[in-house]
Amino acid sequence: MKFKINLKTLSEIYNINEINLPKYVPQILNLSNQNAQATRPKNVGQLSELFPQFKKESEDISVESWREWYINNMPDAIDNAAEKIWIQVENLKKAINEIDKEMIRDWVEDLIINKTYTGLNFQEAIIKTIAEKQNKKWRLSNPDEESKGIDGYIDDTPVSIKPSSYKTKSMLMEKIDVKIIYYEKAKDGFIVEFE
């Protein structure tokens, strides 16, 4: 059996009042939070540990009780996180005011021409170098394989090339079921990490 419980249903089950935000605001706040890292455990606590602790210590397991417990145990966390996000929102406002149509066109051209050229050649260089070091054959992926997150093959093993920062991007929805080769930019080149 397979089923899904959506967030609206959960909110109704647990009697949680959802906030309504204007269009685009959640995206801006998510981006600002991501940049500020405001809701990381070091700032707001490890919620996956705090919530079970709350449930263990409390008789009333309502959202109001959770709010009170959290604020008592982490008194400045919400305000501090909000402040960090506010600073990033202000930075985004300044950046948005600097954007003009010519800048957007330059960015699109850089993405399509320069970054594609560099990125695709870079993927090939990594795959080729690893394969040669292991005396194996290699090839780049075709469009169908690429749509599945595969950048190429070393012998019959599919591989995906990702920056090392990809390891920490837990918010990404992408799921890749192939060997991942990580790289990190160094002063004079790139450091490649693979199994």
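**Exercise 1. Packing of H2 and H6**

In H2, the residues Ile28, Leu29, Leu31, Ser32, Asn33, Asn35 and Ala36 meet Lys84, Ile85, Gln88, Val89 and Leu92 of H6, where a contact means heavy atoms within 4.5 Å and helices are DSSP runs (H or I, at least four residues) numbered from the N terminus. The model is predicted, so local features need pLDDT of at least 70, side-chain atom pairs count only at pLDDT 80 or more, and totals for chains, interfaces and linings use all residues. Residues are numbered from 1 along each chain as its sequence is written, and side-chain values use heavy atoms, with hydrogens and water left out.

Task: describe the geometry of H2 and how H2 packs on H6.

Solution. 
1. Helix H2 spans residues 25-36, and its 12 residues reach 16 Å from first to last C-alpha, close to the 16 Å expected at 1.5 Å a residue (the expected span is 1.5 Å times one less than the number of residues).
2. Just after H2, glutamine 37 has a positive phi of about 55°.
3. The axes of H2 and H6 lie 8 Å apart, at an angle of about 110°; axes are lines fitted to C-alpha atoms over the stretch in contact, and angles run from 0 to 180 degrees between N-to-C directions.
4. H2 is therefore roughly perpendicular to H6, a class that covers 65 to 115 degrees.

**Exercise 2. The nonpolar cores**

Task: state which elements give two or more residues to the largest nonpolar core.

Solution. 
1. The largest nonpolar core has 11 residues, among them Ala38, Trp66, Ala81, Ile85 and Val89. Such a core is a set of buried Ala, Val, Leu, Ile, Met, Phe, Trp, Tyr and Cys residues joined through side-chain atoms within 4.5 Å, buried meaning under 20% relative accessible area (1.4 Å probe, protein chains only).
2. Helices H4 (47-57), H5 (63-73) and H6 (77-98) each give two or more residues to this core.
3. H6 supplies the largest share, four residues.
4. A second, separate core of nine residues includes Phe122, Ile127, Ile154 and Ile161.

Note on methods:
Buried means under 20% relative accessible area, exposed over 50%, partly exposed in between (1.4 Å probe, protein chains only). Angles under 35 degrees count as roughly parallel, over 145 as roughly antiparallel, 65 to 115 as roughly perpendicular and the rest as oblique.
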